[in-house]
Amino acid sequence: MKKAKKSELRYNEDDERTLLEDILDFVKVFIISAIVILLFVNFVAQPVRVDGKSMYPTLKDGEFGFTNVAGTILNGVERGDIVVVTMKEHGQKTHWVKRVIGLPGETVSCVNDVIYINGKVLDETQYIDPDYRQSFMEKYECNWFNKVLNSNDKENKRNYNPNFEDRTYIDFKEVTLGDDEYFVMGDNRPFSKDSRYVGPVKKSQLFAKKMLVLLPISDIGVKD
């Protein structure tokens, strides 16, 4: 009986030591996992939720996924890339999801609603949905898609939001980009606040590029 009791005590002591080791192992795994997640979120990928319809139909309001933070550093930024732009609105930092149209040193212009880069027509057929563009023009009975609100209208100066029936729209002003400037626009031009209104953005403002949509499940995929 005594031998059995001693064995039981040894077992309990061993079990208590193993429990402590398990707790320490769990803490180690938790800390390492937290560090990995922080590194992933801050240096590899950043969670992004699409807010608004400025990139529709490429990206839809409410879609959630991750964008590639390291991509702008490792691979640079090219025309046509979807990028996350760091902006300041009303003193608050926010992120816009837009598409790169003009690169440093280029001249971007709009003539008769057609986008030109250095005097040459920009081919946007890979990302501007022609059916959506046509449906917009038919719905609002207009013949434009890239134009901006007429800045001579005092109401337009206070609020860029479109009211297509009551306001006038004109080609945006030509702009020549600096060595560290990019011209970005949303794919859904009539509903997008972008470089046409706020001017070029700096390279340092391009936070990430591309987007892996995870939710809703029906829209899963890489958007670029």
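C110 sits opposite I115 of β6 in this predicted model, with strands taken as DSSP E runs of at least two residues, helices as H or I runs of at least four, and both numbered from the N terminus. β5 and β6 run antiparallel and are joined by 4 bridges; strands count as paired when DSSP finds at least two bridges between them. The pair belongs to an open, antiparallel sheet of 4 strands, ordered β7-β6-β5-β10. Its edges are β7 (120–121) and β10 (175–176), each pairing on one side only.

Residue numbers start from 1 along each chain as its sequence is written. Since the model is predicted, local features need pLDDT of at least 70 and side-chain atom pairs pLDDT 80 or more, while totals for chains, interfaces and linings use all residues, and side-chain values use heavy atoms, with hydrogens and water left out.

I115 also turns up in the largest nonpolar core, a set of 23 residues, among those with the most contacts inside it, as do I101 and F136. Such a core groups buried Ala, Val, Leu, Ile, Met, Phe, Trp, Tyr and Cys residues joined through side-chain atoms within 4.5 Å; buried means under 20% relative accessible area, exposed over 50%, partly exposed in between (1.4 Å probe, protein chains only). α3 gives the most to this core, with 3 residues.

On α3, the buried residues are Y132, F136 and M137. They share one side of the helix because they span an arc of only 135 degrees around the axis, taken from the directions from the helix axis to the C-beta atoms. The face turned away carries the exposed P130, D131 and E138.
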